[in-house]
Amino acid sequence: MTCLVVAVPGIALAYVLARRSFWGKGVLSTITTLPLVLPPTAVGYLLLRLFASDGLMGEKVLGFDLDVLLTWKAVVIACSVMSFPLFVRTARVAFEEVNPRLEDMGRSLGFGAWRAFTSITLPLASRGLIAAALLAFTRALGEFGATVIIAGNIPGQTQTLASALFSAQQSGNESVANRLLLVALLVGFVTVYATERLTRKSRKAKGGSR
Amino acid sequence: MSKKGYVFDLSLRLPLDHFELNLEYKGSARMLGVFGVSGSGKTTLLECIAGLRKDGRGHLSFSGEVWMKSEERLFLSVDKRRIGYVPQDHWLFPHRDARGNLEIGKQRALDNGIDFEATFQRVVEVLELETLLDRGVDRLSGGERQRVALGRALCSGPQLLLLDEPLASLDGALRRRILRFLIKVRDTFDLPMVVVSHNPMELQALCSEVLVLEEGRVLEQGIPEEVFRRKRIFDTAKDQGFENVFTGVLTEIGERTVTLEIERGDQAIRLRVPKVEGVVGDSVIASLASDDILIAIGKPEGLSARNCIPAQIEEIEETESRQFAIASIGSSVPSFVVELTQDAIEELSLKPGIDVYLVFKTSAVRV
């Protein structure tokens, strides 16, 4: 879910950051990266203010209630915001590795800009983009601070792997905690390993074509 | 699908790092060559024609279609110009095999009412791509990539072919081979082309008109055989020396050598040149470096050099560093340029009008 929320705007932003140069690019890039360096609780608090009934995205401004706080939607939003920078940074590198000359060639063969993007750039960057999505997924899986603040930790509703592990440990339920730890280790290892392989292969493939 | 009068009308200004590209050209050569040393602005010119550079000012139209007119902020984007652009580094798509690359322009070809299957077959045949079709791009050699890149452009049904240094990345024998493919493409497809090169020989073999660029300006313009004989060009092309390019007909095939005949009205000149693939009757392009030719004032006897042809000195040219004799071997054949030292010119008292013999070895001729 988070992956999907992140992917479309993430790909768009990453492409723009990789290809275009414009006024304020540095600022945009920095803002995008912020959630990566801020304390997750700070991001959570910011989101809380945003979605509170008197916040920018709250009932009073929008005129209706998005009903985000303390629901599964809050989990998705928190995870998305936290994993967005990681996705964009990885995707941006993936796009930067595709030489713009290849897009030019596509254009010269009659492709419009959109067609050049979908049939040349996207397939050539696909490995890097999958890697980006996997990284975003792992980041979302590990998200705790921001989630706890805006979604709480309600078993069966807004509880995530991270918050469930926290609860289990706090309540001394060691066997549950151990099982959760094992799952986390496994998922984390598999995704990071896959990401490594994907990025290495894509670099090799593109190196050979120049 | 015969196109009459592909007229270029070009006026372009574009500041580059060290000079300004500033040129005008109006003409209808089907095979236009752009010659210049590296850094003379010729690739930039080609990119402007292609529409890959948008910062040029001026105007450009091709066959009545306006492609650029900067004062009216008119700029037709690259995908709408219907060009076949073959850059120096090929830029094949690494995520597709050779066939996939050839097919990538299929949609445009179909949109323009071109029978794609027939074109594809013809391209594969002319460029001898059959065995390469299922190969990945990373498994193609330099010459094969060049052919696939050329084929990709041809398959997309372009109205103009733009070639950037089509032979520069290849060496020796391969260069000749690809040159033969280019000539075949020229003779098979009714397509105008612009060829950029730093090699006068290639342009003489391919083009009907050349522009010589120096620091972004047109230095000379005209028929290649004439332009490359002009004095100022010798120094522009000095790193490579001058190569005489001529076409002959294969008349005799020996074990290691073949005989070429050059028509010149009254009687044919026969030359012994290194072995080349082909059958009797084939037309062969050969070249001979200007400093590989000796001049004799009487008919020499007992020479190991196999070729000795009568000629008449037309002119003696001098550039800053070198001296050349231009020798005519017949009215219907381009004259030969022979590089000489000042001493030789003086001792043999060479001057326009005197009869001489041009002597050169079989192995000096490159086919």
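Modeller: Read along the sequence, chain A goes α-α-α-α-α-α-α-α-α-α. We're looking at a predicted model, where local features need pLDDT of at least 70, side-chain atom pairs count only at pLDDT 80 or more, and totals for chains, interfaces and linings use all residues. Residues are numbered from 1 along each chain as its sequence is written, with chains lettered from A and ligands numbered from 1 in the order in which they are written.

Biologist: How many helices and strands does chain A have?

Modeller: Chain A has 10 helices and 0 strands. The C-alpha trace of chain A spans about 60 × 45 × 25 Å along its principal axes.

Biologist: Why are α3(A) and α5(A) called oblique to each other?

Modeller: The axes of α3 (residues 40-51) and α5 (residues 72-96) of chain A cross at roughly 130° and come within 11 Å. Axes here are lines fitted to C-alpha atoms, for helices over the stretch in contact, and angles run from 0 to 180 degrees between N-to-C directions. Under 35 degrees counts as roughly parallel, over 145 as roughly antiparallel, 65 to 115 as roughly perpendicular, and the rest as oblique. So α3(A) and α5(A) come out oblique.

Biologist: And which hand does the crossing of α3(A) and α5(A) have?

Modeller: Right-handed. The rule is that a crossing is left-handed if the near helix is turned anticlockwise from the far one by less than a right angle, and right-handed if clockwise. From α3(A), Pro40(A), Val43(A), Gly44(A) and Leu47(A) make the contact, and from α5(A), Ile77(A), Ala78(A), Val81(A) and Met82(A). Contact means C-beta atoms, placed from the backbone, within 7 Å.

Biologist: What makes up that contact of α3(A) with α5(A), by residue class?

Modeller: 7 nonpolar, 1 polar and no charged residues. Ala, Val, Leu, Ile, Met, Phe, Trp, Tyr, Cys and Pro count as nonpolar, Asp, Glu, Lys and Arg as charged, and the others, Gly among them, as polar.

Biologist: Why are α5(A) and α7(A) given another label, roughly antiparallel?

Modeller: α5(A) packs against α7 (residues 113-142) of chain A at about 155°, with the axes 8 Å apart. That angle is therefore in the roughly antiparallel class. The crossing of α5(A) and α7(A) is right-handed. On the α5(A) side the contact includes Met82(A), Leu86(A) and Phe87(A), and on the α7(A) side it includes Ala125(A), Leu129(A) and Arg139(A). By class, it divides into 16 nonpolar, 4 polar and 1 charged.

Biologist: Over to chain B. How do you know which strands sit at the edges of the sheet with β16 and β19?

Modeller: That open sheet has 5 strands in the order β16-β20-β17-β18-β19 (chain B), with antiparallel pairing. β16 (294-296) and β19 (336-340) of chain B each have a single partner strand, so one side of each lacks a neighbour in the sheet. From one strand to the next, the twist averages 45°.

Biologist: What makes β18(B) and β19(B) a pair?

Modeller: They share 5 bridges in the antiparallel sense, β18(B) being residues 323-328, and two strands pair if DSSP finds at least two bridges between them. One bridge sets Ala325(B) against Val338(B) in β19(B).

Biologist: What's the strand order in the sheet that holds β1(B)?

Modeller: It runs β2-β1-β4-β5-β6 (chain B), an open sheet of 5 strands with antiparallel pairing. β2 and β6 (74-75) of chain B are the edge strands, each pairing on one side only. Helix α1 (residues 42-50) of chain B packs on this sheet, touching β1, β2 and β4 of chain B, and its direction makes about 120° with that of β1(B). β1 (residues 8-15) and β2 (residues 20-27) of chain B pair over 8 bridges in the antiparallel sense, forming a hairpin with 4 residues between them. Arg13(B) stands opposite Asn22(B) in β2(B). β1(B) also pairs antiparallel with β4 (residues 57-62) of chain B over 6 bridges, where Ser11(B) faces His59(B).

Biologist: How many domains does chain B get, and where are their bounds?

Modeller: Domain 1 is 8-239 and domain 2 is 244-366, with bounds from an automatic or database domain assignment. Their C-alpha centres lie 31 Å apart. In chain B, 8 residues of domain 1 are in contact with 11 residues of domain 2.

Biologist: And how many residues does each chain put into the contact between B and A?

Modeller: 17 from chain B and 17 from chain A. β7 (83-86) and α3 (106-111) of chain B each supply at least two residues of the side of chain B touching chain A. That side divides into 10 nonpolar, 4 polar and 3 charged.

How values were computed
Contact = placed C-beta atoms within 7 Å.
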